[in-house]
Amino acid sequence: MTIQVSPSPVPNSNAVSLTSTLLDKDSYLTGLLDEVTTLQAADYFQELRQGAANWVRHSTIPTTREEEWRFTDLSALRQVQFHIETQLKSVDISALTLPEAVNSRLVFVNGVYAPDLSAVADLPSGVVVGNLAGFSKSQQEIVKHYLAQAEGSQEVFTALNTAGISDAAVVWVAQNVIVETPIHLLFVAVVGEQATISQPRCLVMAETGGSVTVVEDFINHRGAEDAEGVYLTNAVTEVWLGENAQVSHTRIEREGAEAFHVGKTAVTQARDSRYTCHALSFGGKLSRHNLEILQTGEQTETTLNGLTMISDRQVGDTHSAIALNYPHSTSTQLHKCIVGDRAHAVFNGKVFVPKAAQLTNAGQLNRNLLLSSKARVDTKPQLEITADNVKCAHGATVSQLEDDEIFYLQSRGINEDDARKLLINAFAAEIINQIPVKSLQAVLLNTVNSLKSLTND
């Protein structure tokens, strides 16, 4: 595989939270570490796990005193004792599957691979999709060179995931192989009698000239009693693109109302590669997505589309960092937030254009729609440019539904409530309609339409 790894980290990426001295430890974080490291793993992962565990032992859960977390308070997370669920739960996923991926689906339940629910038949030659534990030794050796090797691996939640890694969803596309069928990675959380923690791990590798569409779906499975429960999903995804490779990545977070979700997506792009991410967040009491792009060759294309739609007292946080280290690159980012009730949305997007990245074209826009007088958004689009021959722009807008637009629709015979829903749907559809899986577009638009009123004060 011809992917190059840059020795330079993503500038100002979410660094691990270190204590003032190595003698001080975070007892809560240590308890989480002790819990996740009870999972067994293959011998060749022991060194990797041990290194991450040592880092976590001298780290702390981030607080609002730190710049990268100053708008996102994790104190509610610290009040819950989470436990690993090792027994595979029985679930019905018939309503969660995608028609386009009926034979290209991997399912994990509470972080445990579910072979009876997965289906990976009829994939073209040169494509390997499966769980890491089921790979041959030669395949595992190849994976070992890329797993947990992306920049930013020492961020505290990423290191916690690595310290407890025992399996992973792996998508491997060989050189010049074009995969027409989308790959659906379904991570289902099932609430138990006690609060649980699951740590999904995903690795996508597209070799030179390869092309693949991946749908990463985090969802809560609600039982017969329709009850909500507390759990934590700590997910890490690494995407490696070889030269002239193309990856379309859709990431959907639809966790339960009482859930905590912390996700990391680390993308490494070689020369002439093209990466597109559609990241959508609807659920969770608190959700955080760290998206980091590292360019290791010139003439790359990066497109980031995001949608956060939250209500009640939800917190939805998106942090992105794009490091464009080589010339002739293009990056475009549009992130939208729809915030109702007393919810709180956070967007912090960084684009780094050093002197070497001449002739770069980078654009970034965050658009926010507040549906309640008590809704809140903190936005910080950010460009750091030292190159002198570039075209870069960034901006942010915060607005409400316009009275004249609602009145116009009412004048056409649409009642006020339906008029508001229609305008919200149109705002969200700009992102959803770009997802390359038609059935998923319909599901997500229905999700937007079926959400409870977002306008309560």
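Trainee: How many helices and strands does the protein chain have?

Mentor: This is a predicted model, and its protein chain has eight helices and 21 strands.

Trainee: And how compact is the protein chain?

Mentor: Its radius of gyration is 21 Å, close to the 23 Å that the globule rule gives for 457 residues, so the chain is as compact as a globular protein of that length. Along the principal axes, the C-alpha trace spans about 65 × 60 × 55 Å.

Trainee: What share of the residues count as buried?

Mentor: That would be 57% of the 457 residues. As for contacts with a separation of 6 or more, 84% of them come from residues 24 or more positions apart.

Trainee: Let's zoom in. Is strand 13 mostly covered or uncovered?

Mentor: Mostly covered: strand 13 runs over residues 274-281, and six of its eight residues are buried.

Trainee: Which strands does strand 13 pair with?

Mentor: One is strand 11, residues 246-254, which pairs with strand 13 in the parallel sense over eight bridges. Another is strand 15, residues 301-310, also parallel and joined to strand 13 by eight bridges.

Trainee: Which residues are bridge partners there?

Mentor: Glutamate 253 has serine 281 in strand 13 as its bridge partner. Cysteine 277 has leucine 304 in strand 15.

Trainee: New topic: how many aromatic pairs are there?

Mentor: The count comes to six aromatic pairs. Take phenylalanine 82 and phenylalanine 260: their ring centres are 6.3 Å apart and their planes are at 85 degrees, which is over the 60 degree cut-off, so this pair is edge-to-face.

Trainee: Where do those two sit in the chain?

Mentor: In distant parts, 178 residues apart. Phenylalanine 82 is in the loop between helix 3 and strand 1, while phenylalanine 260 belongs to strand 12.

Trainee: Is phenylalanine 82 buried or exposed, and why?

Mentor: Phenylalanine 82 counts as buried because its relative accessibility is 4%, under the 20% cut-off. Phenylalanine 260 is also at 4% and counts as buried.

Trainee: Which residues form an aromatic cluster?

Mentor: Phe108, Tyr113, Phe187 and Phe218 form one.

Trainee: What sits over the ring of tryptophan 69?

Mentor: The charged end of arginine 288, at 3.7 Å from the ring centre. Elsewhere, lysine 336 lies over the face of phenylalanine 427, 4.2 Å from the ring centre.

Trainee: Last one: what does the UniProt annotation say about residues 39-184?

Mentor: The unreviewed UniProt entry annotates that span as "domain: SUF system FeS cluster assembly SufBD N-terminal". In the model, residues 39-184 are 22% helix and 14% strand, and the end C-alpha atoms lie 25 Å apart.

Note on methods
Residues numbered from 1 in each chain as written. Predicted model: local features only at pLDDT ≥ 70, side-chain atom pairs only at ≥ 80, totals over all residues. Heavy atoms only, no water. Buried < 20%, exposed > 50% of the residue type's maximum accessible area, 1.4 Å probe, protein only. Helix = DSSP H or I, 4+ residues; strand = E, 2+ residues; numbered from the N terminus. Pairing = 2+ DSSP bridges. Phe/Tyr/Trp six-rings, centres within 6.5 Å; stacked < 30°, edge-to-face > 60°. Lys NZ or Arg CZ within 6 Å of the ring centre and 35° of its normal. UniProt positions renumbered as here; feature names shortened; annotations may be inferred. Rg over C-alpha atoms; globule rule 2.2 N^0.38 Å. Contact = heavy atoms within 4.5 Å.
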